[in-house]
Amino acid sequence: MKKKKEVIIVISAILFIIALLVKMNLTLQLILMLIAYILVGKDTVLGAIKNVEKGDFLDEKFLMTIATLGAILIGEYPEAVAVMLFYEVGELFQGYAINKSRKSIADMMDIKPEYANVIRNNKSQRVDPDEVQIGETIEIKPGERVPLDATVVKGESTLDTSALTGESVPVEVREGANILSGCININGLIIAEVTKEYFDSTVNKVLDLVENASAKKSKSERLITRFSKIYTPIVIGLAILLAILPPIISGEYNFRLWIFRALSFLVVSCPCAFVISVPLSFFSGIGAASRAGVLIKGGNYLEALSKVDTVVFDKTGTLTKGVFNVQKVVVLDKNIDEDKFISLVAAAESGSNHPISKSIQKYYNKEIDTNSINSIKEISGKGIEAIIDNRKILVGNEKLINIPKDISIDDIGTILYVEIDNKFAGYIVISDELKKDSKKTIKDLKDIGIKKTIMLTGDLEKVSKKVGKDLDLDEVYTNLLPQDKVSKFEEIIENKKSKGNVVFVGDGINDAPVLARADVGIAMGAMGSDAAIEAADVVIMTDEPSKIVTAIKSSKRTMKIAMQNITLAFGIKAIVLILSALGIADMWMAVFADTGVTILAVLNSFRALKIENN
């Protein structure tokens, strides 16, 4: 269709140039001009007629049709063809821009799986993904897309998750790993058990989010739409007055001259430059962000994000990894080395599934000799008492173990004290770790104009204050239950002196109430989290806080481009409108003012497709 339009424009342009430059009789020139006009203007004129029939005709097609047909009626054929020709060239450029910005969305749409290999009656059957039930077994071959959210029951492979996360580094999976629909299996055969139907799968929720993003208009887009509905009839009224009043008032009754000026006035007044460019800028910005793994649910949220001056974070899982790890091992018994110390503690903790116990076993990273374990006894609220290699081992808190008065421990985190054969032997510090880009994220946020960074957490004050200090956060509030977080967040909004928006960044699961209350709710690490995708306004598919900076930069850039387009369109059009009314600007200048501004605005909108990864 686009190729056909290009050919028509080229043929019309050739006919127009021949009629304009080659010497011929007036009848032949007129015929060539009319053929050129019909070829290039047919769709616009028919579109205007259809809109008139519907009663919704106050748009640029109507203005162009009135202006060009009017020019033909008064004998200004070259102007009529030129107006329509340049208008269609502008429309063609607009189409290129929209298709380019849509491509980033279309790339996202490519994550939709076309089929699933489901194993039924010991045979693999290729079926539509929405026909597969929870609990059924599917087979994913190398090169195929994971069709549904599932858990690997057999095999191991590497998955390309870039379509969901924007990250190029593949992820290794093996038995027991959860895999998400939309990822591509790179090299190994995987057998997996389906955990969600297609309707509830990650890929379907992401696709639904992206497809509906353009429906949520920003204030700027809605303002432009409302403005054009008022603007167009006013312009038509002014053009009619311009054609009638001056010749009557002057007494010269030169209606042909003033009708021509009125038609030029109509051409330049066409609102397509800002009607097209503003939504296109937002569409491009949303598309660019999606390529980086940042899903913005609509132009309204993108605009709100550009006006943020306060960012409030949850701690666990947002700024920290949310995983307990051994940070420090201190052995005070000179008769035992660290390796033996850890082996005894790991054996004592081997009977527990508690995250702290698992972190010690992970740190030990060796097979535990179960034959060495004589007995293990858990003491509720205190710790563990065990006999390992006929040695009495106590691992727990200060309620279980007496800490010598001459030993001062200032470490921050969960501390496990260890006693071996009734003697204090040392301690282990276990704590959550900061994400590698958390500190840089806070610095970068301040660099781009964020005035205040705040952390709300349910964790202990001592631990949280250290995190706040390490990250250089402005305020830290601790020991908060979920309902307390909402109250504290509302208090932050009420006490805020600036007019900027407040963002809340959380994991999207426990933080849904605060995400909903924020001007913009951002869910981190949303791969596989239904609650995150539903509760947040912006969804970051990875666990990287730095993507928050990417999202804000992208929104600011998009808004800047949209405002440039509005200023450019209004500025040039206002000048040429005045010149047209005074008779200084003819229809040729009006054509260049309209189409030229539209093309410049559309080309400027291309810049929103560029994304700055932080």
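Helices (H or I, at least four residues) and strands (E, at least two) are DSSP runs, numbered from the N terminus. This report uses those elements to describe a predicted model, in which local features need pLDDT of at least 70, side-chain atom pairs count only at pLDDT 80 or more, and totals for chains, interfaces and linings use all residues. Residues are numbered from 1 along each chain as its sequence is written, and side-chain values use heavy atoms, with hydrogens and water left out.

**The chain as a whole**

The chain has 19 helices and 22 strands. It is 614 residues long, and 50% of them count as buried. Buried means under 20% relative accessible area, exposed over 50%, and partly exposed in between (1.4 Å probe, protein chains only). The chain exposes about 29,100 Å². Carbon and sulfur atoms supply 56% of that area. Accessible areas come from the Shrake-Rupley method with a 1.4 Å probe; for residues, only the protein chains shown count as cover.

**Annotated spans and a helix**

An unreviewed UniProt entry annotates "transmembrane region" at residues 7–40, 62–87, 230–249, 255–283, 562–582 and 588–606. UniProt positions are given in the numbering used here, feature names are shortened, and annotations may be inferred rather than shown by experiment. Two of these spans can be described from the model. Residues 62–87 are 88% helix and 0% strand, with end C-alpha atoms 12 Å apart. Residues 230–249 are 100% helix and 0% strand, and their end C-alpha atoms lie 28 Å apart.

Helix α18 covers residues 546–581. The expected span of a helix is 1.5 Å times one less than its number of residues. Just after α18, Gly583 takes a positive phi of about 85°.

**Strands**

Two strands pair if DSSP finds at least two bridges between them. Six strands form an open sheet in the order β2-β1-β3-β9-β4-β7, with antiparallel pairing. β2 (123–127) and β7 (178–179) stand at the edges with a single partner strand each, so one side of each has no neighbour in the sheet. β1 (residues 116–120) pairs with β2 over five bridges. Ile119 has Ser124 in β2 as its bridge partner.

Strand β5 (residues 157–160) joins antiparallel β6 (residues 171–173) through three bridges. β5 also pairs with β8 (residues 184–185), again antiparallel, over two bridges. Leu159 has Val171 in β6 as bridge partner and stands opposite Asn185 in β8.

**Salt bridges**

A salt bridge is a side-chain nitrogen of Lys or Arg within 4 Å of a carboxyl oxygen of Asp or Glu. The count comes to 23 salt bridges. The table lists some of them.

| Pair | Closest N and O atoms |
|---|---|
| Lys42 and Asp43 | 3.4 Å |
| Lys340 and Asp389 | 3.6 Å |
| Lys440 and Asp444 | 2.7 Å |

Lys340 lies in helix α11 (residues 338–349) and Asp389 in the loop between β14 (383–388) and β15 (391–396), so the pair ties together parts 49 residues apart in sequence. Lys340 is partly exposed at 32% relative accessible area. Asp389 is partly exposed at 41%.

Lys440 and Asp444 both lie in helix α13 (residues 438–447), four residues apart, about one turn of the helix. Lys440 is partly exposed at 47% relative accessibility, whereas Asp444 is buried at 11%. Lys446, Asp472 and Asp474 are linked in a network of salt bridges.
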